[in-house]
Amino acid sequence: MSSPVNDARASSAGDGGAERVRSRGEDSTVTSMTVTELQAALKDGATSVDLTRAYLDRIAADDGTLGAYLHVDPETALETAAAVDAAGRAGTGLAGLPVALKDVVVTEGVPTTSGSKILQGWLPPYDATVAARLKGAGTVLLGKTNMDEFAMGSSTENSAYRVTRNPWNPERIPGGSSGGSSAAVAGGLAPWAIGTDTGGSIRQPAALTGLVGHKPTYGSVSRYGLIAFSSSLDQAGPMARTVLDAALLHEAIGGHDPLDSTSIDVPLPVLAESARRGAAGDLSGLTVGVVRELGGDGHAEGYETGVLARFAEAVALLESLGAEVREVSCPAFDLALPAYYLIAPSEASSNLARFDGVRYGLRVGDDGTRDLDEVMALTREQGFGPEVKRRIILGTYALSSGYYEAYYGQAQKVRTLISRDFNAAFDSADGSRVDVLVSPTTPTVAFPLGARVDDPIAMYAADLCTLPASLAGVPAISVPCGLSDGLPVGLQIMAPALADDRCYRVAAALEAAQDAARGFRFLDQLTRRTADATEGAA
Amino acid sequence: MSADKLVDYDEVLTRYEPLIGLETHVELGTASKMFCGCSTVFGAEPNTQTCPVCLGLPGALPVANEAAIEATIRIGLALGCRIATWCRFARKNYFYPDIPKGFQTSQYDEPLCTAGHLDVEVDGETYRVEIERVHLEEDTGKNLHVGGATGRIHGADHSLVDYNRAGIPLVEIVTRPIPGAGAKAPEVARAYVTELREIVKTLGVSDVKMEQGSLRCDVNLSLAPVGGLEWGTRTETKNVNSLRSVERSVRYEMRRQAAVLDDGLRIVQETRHFHEDTGSTSSGRSKEEATDYRYFPEPDLVPLAPDEEWVAKLAATLPELPAARRVRLSEEWGLSATEMAWLLNAGALDLVGDTVAAGAPPADARKWWLGELARRANDAGVELPELAVTPGQVAELVGLVAAGTINDQLARQVLDGVLAGEGDPAAVVESRGLAVMGESDELVAAVDAAIAGAPDVVAKVQGGKVQALGALVGAVMKTTRGKADAATVKRMLEERLL
């Protein structure tokens, strides 16, 4: 297959004015640079306004097709960039670097909908901690990215607003629920982005668009200001083109926050440095466990051959870097899907109760003829999409008197069993201990748009591999490991709680080895792919 | 408004046995709300004491207020409860505009305090009230229904919501059903709430003002046939916002339920509203189809695990509780149980205590608060503590009488001045010129005038009817407008006439 990367015909912005900032080897256009390259460009004299304009140009040119963003405010973005430049901050830390935020992150004065009609027009009066930290670091907000409504979905097709396409193939889904973020970064419409992951919503879209996506240890990134889907599972994390970029973004948003009671009060492990050390490629002394229940012998049903082949190659590559590889069985992982689809909807049914039309957002039917209950019901009837309603009903049922123990109670027990499986793998004293667990991130590559919208169970299966780490609260990263049918495949690396640095180290080693072997890094040519697809269709 | 059939109270007790239970909500007086930093001050402009957390804005998260947890544990300790070593908050899910999140953060099957008790006394009998649980939750906002005649939602044009109260820490104290109170059930209920209020006040964790809603009561009541084995269906009367109402609502429900049962009908399990004006209750929402609150552990908060040492320290530093204090004061002041009961019923214990602390003899302090001041409070239709006079001022007044500067009659005039805001007693004595007259020229003149003005009386006195002297004393007191000392006047008259 041919590499779609580093093609000089990249920019549809045409004249390439703002796009071209000091040649840095082959990656001569801003929007095909990694963030570390952008940082270097800023230090070399490029301005934040240059970078910001380059991305805004790409957004203007391509987002009509891609559908990555729900809200972009070029004027404010350029003003912010100019202020960073004027203050002489650009190039120090993350200052001056553009970033995109998933629309689940509350941003003061910037529309925030969580992909739902029920929040259309809401202007938040406050910033999420994640947003505040990025703002404080001097980053420039490019815009808010599309997502499945309230982060419920695996394809971004549940957005109440628009379809998002996969930059690798516009007829395919970009993954979800952080599909707007994955499409934006993979398509060169943002250098990196924040996603959130409840059951795989960072890792799965990252895998399906050839990006690095990390779900941090539960409690290590503040949830304050993330519109809650499932409180005991939600975590925000980075989506980026390289492991090092992801680590840098993670460091900017992570760490204790007194506004979130579930935030862990311990220092963040050193992430970017772990990524740099990992890139040196030596994994000797590291033990990697391959989870049998996630695509292994007897558990391969539903996994694409190409995905399993890329996964096996990646594992072999890890071994060649010095890692010791062994198979590990985590029997409770088989129960992760049903447990997740009881716990998450249960919490969601309660979290989404505040959207009643009384205080903010949509209100329907308040014409003086209807009573309170009717107005609330009509508002929710019209404000929520079908998948959200499905999960609210599911969760309400699972929590109801007489069913609680059989559903929610049982699911919590399964959750404990899954944690035990992780503990057994990471902590066992009998020499079978492993440092990380690996699996494919997803059973399949990106599926066609519309393919699973009428089959919720098939849609839910897209999260099969990512759910166990979510339920146990342990960190997990997805890193690209090649293509199948011309579409990206991701490898998932899971580590013990608070050992996020291990994810970055192993992922960086794999990334470096693959770059060397493969000769290309990532897609940045939406326009060519789109053109090809159009030609093909014609 | 009530068309309820009622059975005569004494008759109720010939056929039925009442079972009461009380759920009391105490708003804590913490500086900030339960889960955010907003102020809790009462009476601010609507919706000015709010933030993303207590408005339930998308994405906002709670952080538990440690001072509220401490206050709850102290209440639990004062009630002899077991303090949980590990417990959780839970979400109580239901839709209503005054709960901004669509659920109330409360506690469910893991309360902070359990298994306590409170002994209360009614007419010399002690009743033990078992405390089932004490838990911590957040208050709701307040709905204001505009345009209707009743202030209730029915008939209103529109409704407004004030979220200033939303998120104020609320402690719920739930009793087990209290059996055996019989005819005294209304008084036992009242005595329980009174005693609980005293305890909470002593702990200093709430101002427990029923009229401002910082102490609110729900009264559960059921009747069983005398000698019957099973308790009947209970009703829960809400909106019971004074001690007197607690008593009246129990009495009313006993009479109403007895009439329903006498007619062979069954009691509907429901919430009822108490009406202060009529003393009656009316049906609220029916609990026939009980709301399913879908409680589950609050995932946004970490479990509470009060450190044992901390709890031990809180237990060791509890203040003297009201029951112990009453025993001590009865001894110190030499009061009988009945006298102490009068003080309590008048709500005067603290006032008398503070007056004594300010230097007045206990007997004088009691005399003023239970006598003159109680009368004035009653005339003004206010509670004793609301009178515009402080225990310090009463002590000063007592001191002035003891020193002979004023007499009791003048003291009442001094009180007029104090209540009118004219300053402390000494200042009022000065400004109103109320000091007792010495043997001044003015007094001599008044005495001589009295003798000159009533020759017939003088004749009687000199004829041996010494009691007639009283009329002359009265005349002098009248001309001096009470400022003379009656004993001095009498002596002066005797000197002149006998």
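Biologist: What area is buried between domain 1 of chain A and domain 2 of chain A?

Modeller: This is a predicted model, in which local features need pLDDT of at least 70 and side-chain atom pairs count only at pLDDT 80 or more, while totals for chains, interfaces and linings use all residues. Residues are numbered from 1 along each chain as its sequence is written, chains are lettered from A in the order in which they are written, and side-chain values use heavy atoms, with hydrogens and water left out. Buried area is the accessible area (1.4 Å probe) that two parts lose on being put together, summed over both. Carbon and sulfur atoms give 69% of the area between domain 1 of chain A and domain 2 of chain A, and the total is about 2,200 Å².

Biologist: Which residue ranges form the two domains of chain A, and how many residues does each bring to the contact?

Modeller: The bounds come from an automatic or database domain assignment, which gives domain 1 as 26-293 + 434-537 and domain 2 as 335-403 in chain A. Contact is taken as heavy atoms within 4.5 Å. On that basis, the contact takes 27 residues from domain 1 of chain A and 24 residues from domain 2 of chain A.

Biologist: Which residues in domain 1 of chain A lose the most area to domain 2 of chain A?

Modeller: Three residues together account for 32% of what the domain 1 side buries. They are Ile118(A), Met152(A) and Tyr460(A).

Biologist: How many salt bridges and how many residue pairs in polar contact does the rule find across this domain interface?

Modeller: A salt bridge is a side-chain nitrogen of Lys or Arg within 4 Å of a carboxyl oxygen of Asp or Glu, and the rule finds zero between domain 1 and domain 2 of chain A. A polar contact is a pair of N or O atoms within 3.5 Å; within protein, one must be able to donate a hydrogen and the other to accept it, and residues adjacent in sequence count only if both atoms are side-chain atoms. With both residues at pLDDT 80 or more, the number of pairs in polar contact across the interface of domain 1 and domain 2 of chain A is 12.

Biologist: Which helix gives the largest share of the side of domain 1 of chain A that touches domain 2 of chain A?

Modeller: Helices (H or I, at least four residues) and strands (E, at least two) are DSSP runs, numbered from the N terminus. Helix 14 (456-460) and helix 15 (467-472) of chain A each supply at least two residues of that side. The largest share, three residues, comes from helix 15 of chain A.

Biologist: What area do chain B and chain A bury between them?

Modeller: The contact joins 32 residues of chain B to 38 residues of chain A. Carbon and sulfur atoms carry 61% of the buried area between chain B and chain A, which is about 2,700 Å².

Biologist: Which side chains meet in the salt bridge between chain B and chain A?

Modeller: The count between the chains is one salt bridge. Its N to O distance is 3.0 Å, and the side chains are those of Asp300(B) and Arg223(A).

Biologist: Is Phe150(A), with its positive phi, buried or exposed?

Modeller: Phe150(A) lies in the loop between strand 3 and helix 5 of chain A, and its phi is near 50°. Buried means under 20% relative accessible area, exposed over 50%, and partly exposed in between (1.4 Å probe, protein chains only). At a relative accessible area of 1%, Phe150(A) is buried.
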